[in-house]
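Subject: Structure handover

Hello,

Here is the structure for you to look over. My notes follow below it.

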Amino acid sequence: MMASTSSSEVIIHSNAVEYAPLILILPMLAFPVILFLGKIFNSNPFWKENVKEGGLIALVVMATSLLLSLWLIKDFIGSFSGMDEFTDWTWFTSSMWNSGNSTETVVFGFGVHIDHITVVLLFVASFLCLLINSFAIGYMNTDPINDNRNHRFYAEFVLFCSGMLGMVLADSFLWLFIFWELMGLCSYLLIGFYYERPSAAYAAKKAFLTTRVGDVFLMVGLAMLWTLFDGHLDYAYVFNDDNIAKVDPASLAWALGLMFIGAVGKSAQFPLHVWLPDAMEGPTPVSALIHAATMVNAGLYLVARMFPFFGSEHMYGQLDDLAFIIAAIGGTTAVMAAAIAFVQTDLKKVLAYSTMSQLAYIFTGLGAALYLANTLHWHGAGHEVEHGIVVVAFGAALFHLFNHAMAKGMLFMASGAVIHEVHHAHHHLHHDEDHHDPSPKELVMLASYLKEKNQTAFEFFKSIDLDGSGEIDTYEFKEALKGAEIADLPPWEMGPLMKAIDIDGNGKINVPELDLTLTRVLLEDEHDDHHDDHHEEFDAQSMENMGGLASKMPITATAMLVGSLSIMGFP
């Protein structure tokens, strides 16, 4: 049996600490409320249009959690002595018999632990969860495929957020593990949101089972830690330097190593990385939530929480091998994931492998910081330089965690907007085609010509823009068609052709107009060849269907690599 007890001493008196449990309790309570109301009012016009099928309830709850988090962070930053102790809320108290007639009282409670790591992750999680919630209302509620089941999405969403916020605020490794598993369950439900698709159901099971492999090792590591620290897992006890001094370094290294395997699974590092690309089967807000704000950062948070063990003077030089392994796993994954991303053509999978690579950078940074903390004498007077090195190394890793979470969250939401519009543009093209005239055959021939020559609209435009003005007139376009042996049209027949391309009506054609028109023409032509079932096969996430630079992403990535090397001084 594992029990967690907490002290109730707080260095400063803060009203925010008293309300801190609401940060995670409110989303947890919103979960059954949204499910219940969704079941009762499903298909109700007011529920769909005014409450957004529970989206606005979730939004209010997450906004409240963010405000409470900011209040707590403000009090922590304003307290120079720190607010790194615990406040305890007792869940239940029980007694158990020992040998003889004596009894032992066991208190199981939940405490809030506030330190610099908590502050960083708490802001990242609460802020991005609110933004993703706001984005989801516009993304999920405007797609007919989600009608009358968005309440399930928002209920699972708030429960997921509650798990992340609870893990960050928890005062013990036991509560961290409980909320860790809650996130694992919610990720399974969210990735498999479109469970009627075999690919989504498979991806959900793959993510759940792969992360469970890591979680088994995490549980064994926590059991070892519980044994080493005499039945305690709360931070107040296990991070105490006197208690660390009593622990066998080799056994502690094994316990932390097993816990690190759990972090590898959660943050999709080699070799437990295989679930992450398939997780793209979930809605785009789920991708943003899992890859930016919550789940993948949980593994990083767990490794960062191990810092007091590595930084203890009593463990000096005893855990350096484990720190090196953490950094090596991160470095290996960073190179591997970045290389795989070069050849992806699915927009969200490019971002998924990019996420994997950037998380690996952070693992490498944390491993380096833990190595320095374990091999340098950085405590006390006379070691100010060493202390600064350790603090900067650890802070740099957390800083990259912060900026990556923000940037990747925005990228996933931006990709969602692109996918959303490409899907609707394709849907409009194939379901409303009776409302527009077919494209002139010369444009169809031009589009086929460029496709056959593997030439982009930009390259073609550049070759025919004789005066370099950035726009081509009727004469230049006529000569281009003649040069490509497509058609030699008289001036009076060029008018309708120019009008079909000239979107802004200024009498000339620019690159975006040409690219958009030829992309539309290609889609029309493919539709004619593939009949009515082509719409079902259309992949809105494939960059090949987006035209322009996106369709050449591997080439673009290679160009970026060459450019980066030249900036760094490589020939």
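Cysteines first. The structure holds zero disulfides, a disulfide being a pair of cysteine sulfur atoms within 2.5 Å. Cys129 is in no disulfide, and its nearest cysteine sulfur, that of Cys161, is 3.1 Å away. Cys161 is likewise in no disulfide. Cys129 is buried at 0% relative accessibility. Cys161 is buried too, with a relative accessible area of 0%. Here buried means under 20% relative accessible area, exposed means over 50%, and partly exposed lies in between (1.4 Å probe, protein chains only).

Ala125 lies in helix α5 (residues 116-140). Helices (H or I, at least four residues) and strands (E, at least two) are DSSP runs, numbered from the N terminus. Ala125 is buried, at a relative accessible area of 0%.

A word on the source. This is a predicted model, in which local features need pLDDT of at least 70 and side-chain atom pairs count only at pLDDT 80 or more, while totals for chains, interfaces and linings use all residues. Residues are numbered from 1 along each chain as its sequence is written, and side-chain values use heavy atoms, with hydrogens and water left out.

Confidence next. pLDDT is the predictor's confidence in each residue, from 0 to 100. The chain averages a pLDDT of 80, and 78% of the residues score at least 70. Confidence is highest in helix α11 (residues 249-266), at a mean of 95, and lowest in helix α24 (residues 534-537), at 44. Two stretches deserve a flag. Over residues 80-86, pLDDT stays under 50, and the model has 31 contacts for them beyond four places in sequence. Over residues 530-536, pLDDT also stays under 50, with seven such contacts. A contact means heavy atoms within 4.5 Å. Where pLDDT is low, the predicted coordinates should not be read in detail.

The overall picture. The chain has 25 helices and two strands. Of its 571 residues, 50% count as buried. Among contacts between residues at least 6 apart in sequence, 77% join residues at least 24 apart. The chain exposes about 25600 Å², and carbon and sulfur atoms supply 63% of that area. Accessible areas come from the Shrake-Rupley method with a 1.4 Å probe; for residues, only the protein chains shown count as cover.

Now the salt bridges. The structure holds eight. A salt bridge is a side-chain nitrogen of Lys or Arg within 4 Å of a carboxyl oxygen of Asp or Glu.

- Arg305 pairs with Asp115, the closest N and O atoms being 2.8 Å apart. The pair links distant parts of the chain, 190 residues apart: Arg305 is in helix α14 (residues 295-305), and Asp115 is in the loop between β2 (103-113) and α5. Arg305 is buried at 2% relative accessible area, and Asp115 is buried at 14%.
- Glu156 pairs with Arg152, the closest N and O atoms being 3.9 Å apart. Both lie in helix α6, four residues apart, about one turn of the helix. Glu156 is buried, at 7%.
- Lys206 pairs with Asp278, the closest N and O atoms being 2.6 Å apart. Lys206 lies in helix α8 (residues 198-228) and Asp278 in helix α12 (residues 275-278), so the pair ties together parts that are 72 residues apart in sequence. Lys206 is partly exposed, at 22%.

His151 is buried, at 11% relative accessible area. Beyond residues up to four places away in sequence, His151 touches Ile34, Leu35, Gly38, Lys39, Asn42, Trp47 and Glu53. Lys39 sits in helix α2 and is exposed, at 70%. Lys39 and His151 are 112 residues apart in sequence, and 8.3 Å apart in space, C-alpha to C-alpha.

Last, the surface. Tyr19, Leu22, Ile25, Leu29 and Trp71 form a nonpolar patch with about 440 Å² of accessible area together. Patches are made of residues with over 30% relative accessible area and no salt bridge: like charges are joined within 9 Å, nonpolar side chains (Val, Leu, Ile, Met, Phe, Trp, Tyr) within 5 Å. Helix α2 (residues 22-41) gives the most to this patch, with three residues. Trp71 lies in helix α4 (residues 55-77) and is partly exposed, at 31%.

Best wishes
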